[in-house]
Amino acid sequence: MAHEHAHDDAHGHDDHAHGPDKGIMRWIKTTNHKDLGTLYLFFSFTMFFIGGLMSLVIRAELFQPGLQFVDPELFNQFTTMHALVMIFGGVMPGFVGLANWMVPMMIGCSDLALPRVNNWGFWLLPFAFTMLLSTFFLPGGAPAGGWTIYPPLVLQTGNSFPILIFAIHLMGISSITGAINIVVTILNMRAPGMTLLKMPLFVWTWLITAYLLIAVMPVLAGAVTMLLTDKYFGTSFFNAAGGGDPVMFEHIFWFFGHPEVYIMILPAFGIISSIIPTFARKPLFGYASMVYAVASIAFLSFIVWAHHMFTVGIPLAGELFFMFSTMLIAVPTGVKVFNWIATMWGGSMTYETPMLFAIAFVFLFSIGGFSGLSLALAPVDFQYHNTYFVVAHFHYVLVPGAVFSIIAAIYYWIPKWTGRMYNETAGKWHFWLSSIFINVTFFPQHFLGLAGMPRRIPDYAVQFTDFNMVSTVGAFGFFVSQFIFIFNVLACCYGWFGRTRNVSNQVWEGATGLEWSVPSPAPYHTFEDQPLVGDDGMPVHGDAVAAAAH
Amino acid sequence: MSSTLCTRLVIGPNASLSTLQACLFMGLLGTVSLAIGGFFAVRGFWPILPFAGLELAAVAAALVHALRRNAYREVVSFEAATISIAVGMAGRGAGAKVVLARSGTRVLVEAGPYRNSPTRLRLSCGGQTVELGHCLTDAERERIAVRMRELIHPGWRAAPKRQTAPVESWLQI
C-alpha cells in the first residue's frame, strides 16, 4: 500500500485563479491580497496627505505668536483630527497594506485565509473616515478634545461626538478583521518547511502585532462605548458627579493606547530587519533574539500604560513600578538596535534608497527612544508632561520611525510589485530632503518643550518664536519633498517616463526569501505551485523537491 | 481479478496548524483578553468584557473555519480491478464514495468554464464522472493527473517500468 499526499492551501474564495476584473469593480469586489494591499496603501497615503495638510495648518498658525489663520476652536479640531487621521488612517492601514502584499508571499501561500473578510475589512475604512472627516461640516465642528478623547472634555463635543464613536468602532472592526486574517494565515497557511523560526522577521512582527491588536481593541471599543452611554444614556462610568471616575478613563485608554504605540512600530522593526540584511549582504544577526525581543516588547507594552499619566497623582509605588517597567523596554529595543548594527558591521554595504531610509530609521528612532527614556523618569516627566518635548518625542518615533519604515518598505518592494525599478536619484533626493526637514521640524520642538511651551495651543509666548519658525519651515519642506516620492511611486505603477518592466525575480543582489523567488511583477496568484522551503528559508527546486517528496 | 489494494492517493489541503496548536493559541489569547476584560468588569467597567467575548468568538470562528478546511480529504484507492474514491473529512469517515472500473477510467484535466478559472481534474468511466483536486493548484492537478494515468494503466498493457514501493510516501507539495 502506498500513500500519496497532495498538499496545497485551500482557497476560500470563488475567484481562485481568475484574472482581475476590469474597471472599478475589480477594486470593489476584489478578494485578492495584492489588490487589497494596493488599496490599503493608496488609502493610507490619501490619509497621510489629508493629515499632512492639517499639520500644515497647525504649523502655519504656530509660525509666529498670535492668531493668524484659524481660531483656537478650529485649531483644536485640527490637532485632534490630525492625530486620528494619521494613526488610524495613515500608519495602521499602511502596515496592513504591506502585510496584505507581503505576508502571503513570504510564507509561501497564495492568499490570506479569509479573503472576503479581507475585502470587507478594507471597505469599512473609507466609510469610517468619510464620516469622521465630515464632522468638520457639522454644527459645533469636528471633535476637538484631543485624540485621547478624555472625559469630561470630550463630552462637550457637539453633534460630531456619536459620529466619532461610530467611526472609531468601524476602524476597530477593520483592524480586528485584518488581525484575525493575518493570524490565521500565518498559523495555518505556511508552506511546507516554513517553520515558525524560519519565518521572516516581518511576518513574526506582524503575528505579534496582530495578537496585540486582538488583545487590546476590545478595551478601546468598551471605553468609547462607555463614553457614549455616559453622554446619551445617563450612565456614570466616568462622571464624578454620578459616582464615576474620570481618571479611570485615562487608565483604560492608555491600557489600549500603549500597546497601540507598539502596534504602530513592531511591523516597522520587521521591515528594517528585512532591508538591512539585504543591503549588508549578510544574514540578520541574532534572528532568534530579535524574535524574543519583539515578544518581550509586546509583553511589556501591557504593563507600562501609566507612564502617560504620572501627573494625575498615582501612588509613589505605582510611579516607581511604571517608571522601571517602562525603562525595561529599553533592553529588548537595545537588543534590536544592536543586532541591526551588528548585521551591518563588516557587511558588503551599498546605500540604495531603502537602505538609506532603514539606516535613518535606526538612528532617528533611537533619538525618539532616548527622549522616551527621559519621559519614563517620573520626576522628569513632571516637568516635561504636556509640553512640546512630548510632541517631539512621539513624532520622532512615529515619523522617522513608522513612516520612514513604510517609505523604505515601498522603495524596497515596489520593484517586486510593479516589475519596474524606481528612480534611484529621485529616491536619494527624497531621502535627503525628508531626513533633513524631519529634523528641522521636530528637533527644535525638544527645546521648545524644555523651555516650557505647552502642546495643543494656537498661540504662545514670544520667546518661543524662533524655534517655532524653524519647525514650521521644516514641516512645509517635509510635506513638499514627499511629492518626489509620490511621483516616483506612480511612475513605477503606471510606467511613466519610459520605465519598463525589466527587473529580475530577486531584484536586490542580497535579497533572500520566498517573495524574491517569484517573478517581478508578482503574478496575480502567486505560488500556484506550492513551494517547499529549505533550511535557508529559500524554496527548494526540481530534483530536490522530488527527493524531499519521496 | 483480486481486490488487492495497490496504491492509495490522499489529497488534502496544505495546513501548518494542528488542532492542538489552535487550542493553545486560543488559550493564550483568551486568557489575556478575558483577564483584561474581567479585571475592568470587576472594577465596574463591564462593557469591555462583551467586546472581548465577541472578538474571541470571531477568532475562534476563523480558526474553526481553517481547521475544518484542513480536514478535507479525497482518498483515491487503486485496486486490481477498481478505483474507489472516498471524499470526506479526516477522522469522520467518508462522506461519499464512488467505485469506478479501473480498465475503463480516463483521467481528464479540463479548462474551467471561464477565462483563467481553475482547471478541473476528472475521473471519467462510462457515463460516470468524478471531480477531484479542488484544493490543489493547476500545476498540482497536472502533476497528479500524470501520476494517476501511470497508476490506472490498463491491464492489457504491460505494467509500467517504474517500480512502486510497497509503502510509498509521495508527498506532493
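Author: Domain bounds here come from an automatic or database domain assignment. On that basis, chain B of this predicted model is divided into domain 1, residues 5–13 + 73–152, and domain 2, residues 19–70.

Reader: How many Å apart are the C-alpha centres of those two domains of chain B?

Author: The centres of domain 1 and domain 2 of chain B lie 39 Å apart.

Reader: Switching to chain A. What pLDDT does chain A average?

Author: Chain A averages a pLDDT of 92, and 95% of the residues score at least 70. Over residues 1–17 of chain A, though, the pLDDT is below 50; that stretch has 67 contacts in the model beyond near neighbours in sequence.

Reader: And what about residues 542–550 of chain A?

Author: The pLDDT stays under 50 there too, and the model has 9 contacts for residues 542–550 beyond four places in sequence.

Reader: On to helices. At what angle do α15 and α16 of chain A cross?

Author: Roughly 155°, with the axes of α15 (residues 424–450) and α16 (residues 465–494) coming within 8 Å. Angles over 145 degrees count as roughly antiparallel, so α15(A) and α16(A) are roughly antiparallel to each other. The contact of α15(A) with α16(A) has 16 nonpolar, 11 polar and no charged residues.

Reader: Is the crossing of α11(A) and α12(A) left-handed or right-handed?

Author: The crossing of α11(A) and α12(A) is left-handed. Residues on the α11(A) side of the contact include Val337(A) and Trp340(A), and those on the α12(A) side include Gly369(A) and Leu373(A).

Reader: Which classes make up that contact of α11(A) with α12(A)?

Author: By class, the contact of α11(A) with α12(A) has 5 nonpolar, 3 polar and no charged residues.

Methods:
Residues are numbered from 1 along each chain as its sequence is written. Chains are lettered from A and ligands numbered from 1 in the order in which they are written. This is a predicted model: local features need pLDDT of at least 70, side-chain atom pairs count only at pLDDT 80 or more; totals for chains, interfaces and linings use all residues. pLDDT is the predictor's confidence in each residue, from 0 to 100. Two residues are in contact if their C-beta atoms, placed from the backbone, lie within 7 Å. Axes are lines fitted to C-alpha atoms, for helices over the stretch in contact, and angles run from 0 to 180 degrees between N-to-C directions. Helices (H or I, at least four residues) and strands (E, at least two) are DSSP runs, numbered from the N terminus. Angles under 35 degrees count as roughly parallel, over 145 as roughly antiparallel, 65 to 115 as roughly perpendicular and the rest as oblique. Ala, Val, Leu, Ile, Met, Phe, Trp, Tyr, Cys and Pro count as nonpolar, Asp, Glu, Lys and Arg as charged, and the others, Gly among them, as polar. A crossing is left-handed if the near helix is turned anticlockwise from the far one by less than a right angle, and right-handed if clockwise.
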